[in-house]
Amino acid sequence: MTETTFAYAQGDPHRLRGIQQAEVAHEGPAPKRIVTAYGFWIFLLSDIVMFSCFFASYAVLLGQTAGGPSGAQLFDLRSTAAETALLLLSSFACGLASIAADVRSARWFQAAMALTCVLGLGFLILEAREFADLVGRGAGPTRSAFLSAFFTLVGCHGLHVSAGVLWLLTMMAQVYAKGFRADILRRMLCFALFWHALDIIWVAIFSVVYLIGSGA
Amino acid sequence: MLGKLDWSAIPIDEPIPLIAAGVVLFAILAVLIWAGVKGHYPYLWREWITSVDHKRIGVMYILLAMVMLLRGGTDAIMMRAQQTVAYHSNGYLPPEHFNQIFSAHGTIMIFFVGMPFVIGLMNLIVPLQLGVRDVAFPTLNSVGFWLTATGALLINVSLVVGEFARTGWLPFPPLSELTYSPGVGVDYYTWSLEISGIGTLVAGINLVTTVLKLRTRGMTYLRMPMFCWTTLASNLLIIAAFPILTATLAMLILDRYFGFHFFTNEAGGNVMMFMNLIWAWGHPEVYILVLPAFGIFSEVVSTFSSKVLFGYRSMVLATMAICIISFMVWLHHFFTMGAGPDVNAIFGIASMIIAVPTGVKIYNWLFTMFGGRVRFAVPMLWSIGFMVTFIIGGLTGVLLAVPPADFLLHNSLFLVAHFHNVIIGAVLFGAFAGYTYWFPKAFGFRLDEATGKAAFWFTLVGFYVTFMPLYVAGLLGMTRRMQHYDVAAWRPWMIAAGIGTVLLAIGVALQVLQLFVSIRRRDELRDTTGDPWDGRSLEWATSSPPPAFNFAVLPNVTGEDAYWRVKEHARRQDLDKREPDYKDIEMPRNSPTGFVCAFFATVMGFALIWHIWWMVGLGAVGAFATFVVFAWRDHDEYIIPATEVARIDRTNLAARRAALDLAGIAQ
C-alpha cells in the first residue's frame, strides 16, 4: 500500500527514485503506480496521433466546400467560447477531484467529480446544439468534404468526452462502493490524465478549426 | 430485424468457398467435439482461455498465426494455380472470386500471420529476457490477443456469410467506396481491422511499457538483449502508426456508412489523402514486422556461433535509426501518382538511406559468425537462409526506390516478387527461426531436427522457384493481380512459379509434420536443463517451460549477455549451488475479461457489417459491462507462498544440475 500514500507530500513527488542513479545502476521493475500511469501516457500519445490524422484531413479538405458554406459562414464563436470555458472549468474541477482523492476525502471527491460531470455534459449539450443547428441549415457532414472533415474531427473529440463522462460516472460509483483502494486510485490517475488530454486537444481544435476557420 | 443479412448472403451457387467453408467448419466441429469428449474444456478455460500469463498468451498468438498461415497459404496456392492455367482461358476461378482471394491473402498474411507471430514471440520471450515475472498489463494483454482473434474470425466468417473485399489488401478508394463496392466485403475488411487494430495497439502499449519500466535489477538499456531492443522499436512504431490506420479506416467507414466525402470523387473528397494516410501507416508496418525478426536473427546468430553479438551498440543504433526513418519513406509506394520530381527524389533518397542501417545489421551478423564455432541447427539455417534471401530482396527494393525505375516496375509482378522476397525472407524465416529456437523454452522439449531441416530446404528452394520467375515476368511487363492473360512469354514463368508453390506447400506440410513428430517423440527430445542451445540471455536461466512466476528470485544483471556471465561465473566459482532466499510471489489472477470482451466485439463487428443496429447496441453495452465487472473485482492477485516457490525451484535446479554434471560442465 506504500504507493498510495500522498504523492505530493513527499520529497520525491513523482517517485523518480533518483533518475541519475537509475541510469547507472538500474534498480529493477518500477512500482505499479508508475507503470500504470506510464502505459496510459503512451495510450494518450497514440490517441493524439489519431487526432493528428483527423487534423491533417481537415487541413487538406478545408477548402473543399463543393459550393457549400465555409467555416466563416458557419461558426459561432460565442457558443464555442462557452464550450471552451465549460471544458477548461471541468478540467479544474477534475484537478480538485484528484486532490480530494489524494487526501482521501470521499465527500469532496464526489462533489468535484459531479461538478466535472455537469460541466462536461454542458459542453456536450452545446456541441450537440451546434451540430443540430448546422445539419438543420443544410450544412451536415454529407454536404461537402470540408464539412465531413469538420464533423469527424470535432465529433471525435465529442465522442471522447462522452466516453470520459461514462468513465467518470463509473469512477464515482466505484469510489462510493469500494473506497480509495490502490487500484482505484491508479484508475483515477489515468482518468485525470485522459480528461486533461481532451482539453489539450480541444485547445488545438478551438485554434485550428474555429479561430482560423472563422477568420478565413 | 437482421439488417442487410438474408439467405442470399450464403454463396450457394459458388462451390469453392462453400466446400472450403464446409471443410473448415467440419474441422472446427471435430476439434470441439473431441475436446468435449476428452473433457478438456475446463482445463482449456482455466489454463489458456482465461490465462493472463504472458507465456500462454504468446503461445496462443503463435498458434493463431500458424492456423492463419494455412488459410493464407491456401489462398496463395489457389492464386498461383489460377495463373498457371489461365493462359488464353478463364482458369477455374471467376474474376470476382479471384479478386476476393488476393485481397484475403494479403490481409490475412500481414494482419493475422505476420503480426500475431511476431507479437506472440515478443510476448513469450521479452519478459523472460528482461528477467521479470510478467508484462506491464497482463489482463490487457489477454484483451489484445482476443481482439486480434476476433478480427481473424470475422475475416473467416466472410468466407461463408457474404463476401470479402475485392479491393486488394489495402482498400484504395474510390474502388472501395460504396458506389463501386456496394457489398459487405469492404465492411468485413474495415471492421476486422479496426477491432484487431485495437488489439495490436494494446499489445504495443503493453510491450513498450514492459521494456521501459519493467526490467530486472541491473538490466540497463545497453545490457538488454537485441530482441528486446527490436521489440521496443517495433512497438514504438505500433503506437505511432496503428492510430493512423484506425483513423483512415474510420474515414472510409464514415464515407460508406453515412455518406461522408473524405475519399469520394464528388463533393471535394480526396483520393490521394487515402494513399498518403494508409501508407503513412503501411510503411512503418513493414518495419513493425521485420524489426522483431532482426532481433530473433541477432539472438540466434549469436547463440549458435557461441559468440557475443558483433557490434551490439551499432545494432542498437541501426534499429532505432530504422525506427525513425521508416516514417519518412511512405511516398515511395506511389511514386507514379504525380507528386512531382522533387518530392519523389526526396523520398527515393530516404528509401535508399534506410537500406544503410539494414546493411549495418547484415555485416554485424556476418562478423558475429566470423571466427565463431557455428552450429548449423534449424534456427541457424533459417537465419543464414534469411541473410542470402533478404539481401536479394533488399537490392530489388533499392531498385524500386529509384523513381524512374519505379515508373516501369510499379504494380508489376516485379514488385510482388520484391515484397514477398523481403517479407517471406525476413519476417517468415525469422518467425520460423524464433519458433524453433524458443519452442523448447515454451514446452520443455525440442522440435525434431530432421523434419525441421527438410522443411527449411523445401521452403528455401520453393521460395526461389516461386518468386524469381515473378521478377522475370514483372520485367516482361506482367502486372499484378491478373485473373487471366494471353501473353505467351509469361506462361513458362507462371508454370515455374506454380511448381515453386508446390515445393513451398511441401515445406509447410513438413512443418506441420515436424510438430506432430516432435510431440510424439517428446520424451526423447526433452530438455531438463532449461538451456538446450547453450544460450546467452536470461530466458535460458529458468526452467523449460518456466514456472508461472518465471524466476523464483529476480536475477541481478551485471553486464551484456546476462546468462552467459552467470554460467561463466558459476563454472569458475560454483556459486549457483547456494540456496537463494525465497519469498512469497504475487501473481495476477486469471480473468475471462479478454475472452468475454472479444465475444461482444465479435457480435458488434458482425452486426456493424450487416447493419443490425440493435445488435450493435447490445455488443457495446456488453463490452462496457464486462469492463465494469472487471473493475469491480476485489482480488486481482494471488500469492504463491515461499515454500511452494522453493519446492518448484529446487526441482528445477536439481534437474539442471544433473544435466550439467552429466555434461561435465558443473565442476
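The C-alpha centres of domain 1 and domain 2 of chain B lie 39 Å apart in this predicted model. The domain assignment gives residues 1-289 to domain 1, and 542-583 plus 641-667 to domain 2. The two domains do touch. Contact involves 12 residues of domain 1 of chain B and 14 residues of domain 2 of chain B. On the domain 1 side, five of these residues are charged, four are nonpolar and three are polar.

Now take chain B as a whole. Its secondary structure comes to 20 helices and two strands. Along the principal axes, the C-alpha atoms of chain B fill a box of roughly 75 × 60 × 45 Å. Buried residues make up 54% of the chain's 667 residues. Consider next the contacts in chain B with a separation of 6 or more. Of these, 83% join residues 24 or more positions apart.

α6(B) has 29 residues, so at 1.5 Å a residue it should span 42 Å. The C-alpha atoms at its ends are 42 Å apart, which agrees. α6(B) is also mostly covered, with 25 of its 29 residues buried.

α6(B) brings us to the partner chain. It is one of the elements that give two or more residues to the side of chain B that touches chain A. The others are α7 (226-258), α8 (271-304) and α19 (613-632) of chain B. The whole contact takes 39 residues from chain B and 35 residues from chain A. α7(B) supplies the largest share of the chain B side, 10 residues. By class, the chain B side divides into 24 nonpolar, 11 polar and four charged residues.

Chain A itself has seven helices and zero strands. From the N terminus on, its elements run α-α-α-α-α-α-α. It has 216 residues, of which 35% count as buried. Among contacts in chain A with a separation of 6 or more, 82% are between residues 24 or more positions apart.

How far can the chain A coordinates be trusted? The mean pLDDT of chain A is 86, and 88% of its residues reach 70 or more. Over residues 1-14 of chain A, however, pLDDT is below 50. That stretch still has 13 contacts in the model beyond near neighbours in sequence. Residues 18-23 of chain A also stay under 50. For them the model has two contacts beyond four places in sequence. Where pLDDT is low, the predicted coordinates should not be read in detail.

Back in chain B, several loops hold backbone details. Start with the cis peptide bonds. One joins Pro173(B) and Pro174(B), with omega about 0 degrees. Pro174(B) is found in the loop between α5 (138-157) and α6 of chain B. Another cis bond runs from Ser544(B) to Pro545(B), with omega near -10 degrees. Pro545(B) lies in the loop between α16 and α17 (562-573) of chain B.

Positive phi angles come next. His88(B) is not a glycine, yet its phi is about 55 degrees. It is found in the loop between α3 (54-85) and α4 (95-130) of chain B. With 13 other C-beta atoms within 10 Å, Asn411(B) is partly exposed.

Finish with a loop tyrosine. Tyr485(B) is in the loop between α15 (449-475) and α16 (491-520) of chain B. It has 18 other C-beta atoms within 10 Å; buried requires 20 or more, so Tyr485(B) is partly exposed. Leaving out residues up to four places away in sequence, Tyr485(B) touches Ala86(B), Tyr87(B), Met478(B) and Trp490(B). Thr319(B) is 166 residues from Tyr485(B) along the chain, and their C-alpha atoms are separated by 43 Å.

How values were computed:
Residues numbered from 1 in each chain as written. Chains lettered and ligands numbered in written order. Predicted model: local features only at pLDDT ≥ 70, side-chain atom pairs only at ≥ 80, totals over all residues. Contact = placed C-beta atoms within 7 Å. Helix = DSSP H or I, 4+ residues; strand = E, 2+ residues; numbered from the N terminus. Nonpolar A, V, L, I, M, F, W, Y, C, P; charged D, E, K, R; others polar. Buried ≥ 20, exposed ≤ 12 C-beta atoms within 10 Å, placed from the backbone. Expected span 1.5 Å × (residues − 1). Domains from an automatic or database assignment. pLDDT = per-residue confidence, 0-100.
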